[in-house]
Every structure is written in structure tokens, then in C-alpha cells.
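Student: Could we go through this structure together? I would like to begin with its charged side chains.

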Amino acid sequence: MRGAVIHSPGDVRFENLDDPKVIEPTDAVIRTVATCVCGSDLWPYRGLEPVGDPHPMGHEYVGIVEEVGSEVTGVRPGQFVVGSFATSDNTCANCLNGWQSSCLNREFMSTCQADYVRIPNAHGTLVATDEHPDAEMVPSLLAVSDVMGTGWYAALAAEVKPGSTAVVVGDGAVGLCGVIAAKELGAERIIAMSRHASRQQLALEFGATDIVAERGEEGVARVKDLTGGIGADSVLECVGTAGSMRQALHSTRPGGNVGFVGVPHEVAIDGQELFFSHVGLRGGPAPVRRFLPYLIDRVLTGRINPGKVFDLSLPLDQVAEGYKAMDERRAVKALLKP
Ligand SMILES: [Zn+2]
């Protein structure tokens, strides 16, 4: 089969790779129907994280089950499945508590920009749809496997409630999906922080009520103007830089909450400042598996359409162009089809 391999910053190649096989009895192998490039894939691509030895890339996927190990009972060959970037047995104590991305048997996916993918913990990880979905549903189901699940978790972690005010920091795919989540969870006012016209437009389409283009303390001041001077009830931090985290913490009212899902890079939080802010903070890799059943249902019933975050669709063999387009901000998110 063929798949994406990163060799060094800026150098992603589409290469022949060994066909994945069932290794553990709990594994499945799927044929990829769609995969994509994640914002977090850009960290090594931009040289902001070490690449190390050349290695495959990708952790977002939907596909058709090809083969299952002897202990996999939940899914069978031929089914269309949605998974997530963190595999989970769905039976350990952390999974039963709803924190599947802290599964005691967790393995992170990292080989999905390929024709076929081995899925560890397949029984607990994959959710099959009743039927093969229509082609136009595929992008939204793919979004559910990561960015929509992560945006959903950001909104839950920020404790978005009906009638509340939410701020979304970050206008990448996760932030835009965070707008969808805040709306679905009943936020009355959703302030999207963005200075890109096309992303502002999509945020408004997804349910944002206000756009703030300013950043840093100016952005915080604008949010305070819009929230009676005290800040928002809930802030979704969807970037992961020191600046975006600061902006999120400062935009939250005393007693409000920040949900942070951008993988932190050089983020340091001052204990005294957090203490006196009265702001609650929860983040981490989203337990997407917890949300899959109802997010898949919301997609299939047409209630949400997070697949709109894909503004570039390429054949999988042009994966390098997908990285380049996202790196150069010509695309929010690139969908790849084998
Ligand atoms: Zn588990």
C-alpha cells in the first residue's frame, strides 16, 4: 500500500509501505475511505517539534473494515466505521468513566494518511454506521473522528450551558467545530476570535453571533466590552500557544471555565494568577470515543455539518500538497481520499 511519511520539516512523501496486518487479536485493519491533515501535523512539519527518524503520519480516519482479529466482536468486515486518534478498549476504569483518551490500553494513531490502517483496540475504538453513508456525509463523519470530537470536548470542558456566553479562541478546524459545539450545547452568545474573512464567514454559518478580530489584550478588551465588562462564562482554547492560552484565561469571567484542547507548546500558567482569577481549567486530548455515537447521529440526521471545515480535497497521493497548503494558510483543512 501507499502512505505519507515525514522525513524532515517540510518534507512529506507519499511512499510504498508494508500492508498493515492484524497483529493483536484485538486489532482490525480498515481500508481508508477518507483521511486528512491535522493542525497538529503541522508542528513537526514546521520544525516546531522534532521529526526524528522518517515515520508515517496521520490520525484521522473513516474506512471500511477489511479484517478483524479473533477477539473483535463489535465490528465486522464490510462495515463503515468511524474511530478516533486515541484507541481505547472501552472497558477499563478510565473508559468506563468516559475518559477513553486516557484508556489504560491507549495507543495513539499515527499511520492514517495511508490506503490501509491497523486499528488497535478495534472493538472499543470503532463505531460502525448502520449503512454505508452517502458520499456527501463522509467529510463530516471524518471531522467527527477528531476535530468535531475535540471541539465538542472543548465546549464541555468549558462547561457551555444553555443561555451562556462562549468565546472560541482559534479559527482553525477545531475552533470552528467548537462554535458548532457551543451552539449545540445552547450557548446564546458565541464570540469567535478570527481575523480571516473566510473563517469568520464559516464561524457565523456555524452559529457564532459575534466576531472579534483583535488579538492579545486588545482581543480580551473587546470580549469584555461584549460581556458586561467581566468576561465570558466559557472559553474554548483551540490553539495551544502561550498567547492563545493567556487570551483564553483573561477572557473568562470569575467563576467561568476554560476548556483547552490546543496541544500546549510552551504554555506556562502562573499559579497565583490562576488562583486569584477564579477561572476553572480543564483540557487534554478529547475522549472522542465518548461522543462518537451522538455526533455520528447528529451528522447523519443533518443537524450538524462539520465537514465544511474541509476547504481542500485532494487525492491521497497529493498529501504533500495538503501539508503545504495548510502550512501556507491557503487551506483550513485538507481532506485526502485514496
Ligand atoms: Zn480503556
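Tutor: In this predicted model, the side chains of Arg330 and Glu328 meet in a salt bridge (2.8 Å, N to O). A salt bridge is a side-chain nitrogen of Lys or Arg within 4 Å of a carboxyl oxygen of Asp or Glu.

Student: Is Arg330 buried or exposed, or partly exposed?

Tutor: Arg330 is partly exposed, at a relative accessible area of 46%, and Glu328 is partly exposed at 41%. Buried means under 20% relative accessible area, exposed over 50%, and partly exposed in between (1.4 Å probe, protein chains only).

Student: Which residues are linked in a network with them?

Tutor: Salt bridges link Glu321, Lys324, Glu328 and Arg330 in a network.

Student: How many salt bridges are in the whole structure?

Tutor: The search finds 18.

Student: New topic: which residues coordinate the zinc ion?

Tutor: Asp89 (OD), Cys92 (SG), Cys95 (SG) and Cys103 (SG) coordinate the zinc ion, at 2.1 to 2.3 Å. Donors are N, O and S atoms within 2.8 Å of the metal (3.2 Å for Na, K and Ca), and water is not among the atoms, so sites may look incomplete.

Student: And is Cys95 buried or exposed?

Tutor: Cys95 is buried, at 4% relative accessibility. Cys103 is also buried, with a relative accessible area of 4%.

Student: How should I read the numbering and the values?

Tutor: Residues are numbered from 1 along each chain as its sequence is written, and side-chain values use heavy atoms, without hydrogens and water. Local features need pLDDT of at least 70 and side-chain atom pairs count only at pLDDT 80 or more, while totals for chains, interfaces and linings use all residues.
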